[in-house]
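The sequence and the model come before the comments.

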Amino acid sequence: MTATIIDGKGFAAGLRERIAGHVAGLKSQHGITPGLAVVIVGEDPASQVYVASKARLTAEVGMHSVKHELPRETSQAALLQLIDELNRDDAIHGILVQMPVPDQIDPNAVINAISPEKDVDCFTPANVGKLAIGLPGPVSCTPLGCLMLLRDQLGELSGKEAVIIGRSNLVGKPLAQLLLRDNCTVTMAHSRTADLASVVKRADIVVAAAGRPNMVKGDWLKPGATVIDVGINRVPAPERGEGKTRLVGDVEFDSAADVAGAITPVPGGVGPMTIACLLANTITTASLLNGLVPPKDLTP
Ligand SMILES: Nc1nc2c(c(=O)[nH]1)N[C@@H](CN(C=O)c1ccc(C(=O)N[C@@H](CCC(=O)O)C(=O)O)cc1)CN2
């Protein structure tokens, strides 16, 4: 293995320390305690873990942290009613509804119910539009985390060839906007891209966000490429015992690490950045809601 391992977990810890400093500043200089409400509907085990971490880390940086756990059978109307209350609650500056939601709830109805001013996921059409044209506002959490890691690793991104595999609203599309802003030449690849391996081969930056375990192989990569693996896939791990599982990314780590210049691991890469950037966005929305300029180090 020759690649540098990008320590997303460590970077996220440092980012949370800086965020704690900004929280202290907002409290002491402006009397504002940023508040984040996280909402989960149902008992999906992975979502429960993520939501518990979000609530705990929100409190750890000194913010007001609220968690709403609703039963699986909650109606859409009941969820929209809660969102409406949170929209009107002055102690809350950020609202996050954990995705996915159960089938009886339309995710678009949920997203559209959240006030764009408190939309810390950057899911609402208003904020997606602001991101596209570069206006201040929250930035999609996982893409912002990827951008921070890339800037930290490479310094200047201008002129780099970036290939993003996956065109989701959550990761692929917003990350393309951010990399374009940093003057990368961006190619969006997806399940219908012809000869994906040769498209990836020309990239200085490869972002794998396809949701397919171990899809990107080492021999697809340009030597020295920087690889950001957004995939979080739980696969069987019989070597650990019967019924055991382990997490893998969308990149075949061992073969990729022999060719790449730098690579994020799974776990410990992009995942922890997603939650740290959620906290960063809460500082951004708390600042904007109070007529303040958000801290430069938390925004793209
Ligand atoms: N409303 C939202 N829902 C979802 C989002 C989101 O950004 N907003 N993203 C994903 C899940 N996600 C955050 O909610 C998330 C995924 C993974 C991690 C993380 O830290 N992963 C660890 C491994 C954890 C494990 O052992 O399972 C890692 O990669 O090191 C954080 C957040 C879907 N829903």
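1. K27 is in contact with I32 and T33, leaving aside residues up to four places away in sequence; contact requires C-beta atoms, placed from the backbone, to lie within 7 Å. The model is a predicted one: local features need pLDDT of at least 70, side-chain atom pairs count only at pLDDT 80 or more, and totals for chains, interfaces and linings use all residues. Numbering starts from 1 along each chain as its sequence is written.

2. K27 belongs to helix 1, residues 8-30.

3. Between the C-alpha atoms of K27 and D119 the separation is 21 Å, for residues 92 apart along the chain.

4. The unreviewed UniProt entry annotates residues 6-121 as "domain: Tetrahydrofolate dehydrogenase/cyclohydrolase catalytic"; such annotations may be inferred rather than shown by experiment. This span is 50% helix and 16% strand, and its end C-alpha atoms are 24 Å apart.

5. The protein chain contains 10 helices and 11 strands, defined as DSSP runs (H or I, at least four residues; E, at least two) and numbered from the N terminus. Its radius of gyration, 19 Å, is close to the 19 Å from the globule rule for 300 residues, so the chain is as compact as a globular protein of that length; the radius is taken over C-alpha atoms, and the rule is 2.2 Å times the number of residues to the power 0.38.

6. Of the 300 residues, 42% count as buried.

Notes:
A residue is buried if 20 or more other C-beta atoms lie within 10 Å of its own, exposed if 12 or fewer, and partly exposed in between; C-beta atoms are placed from the backbone. Two residues are in contact if their C-beta atoms, placed from the backbone, lie within 7 Å.
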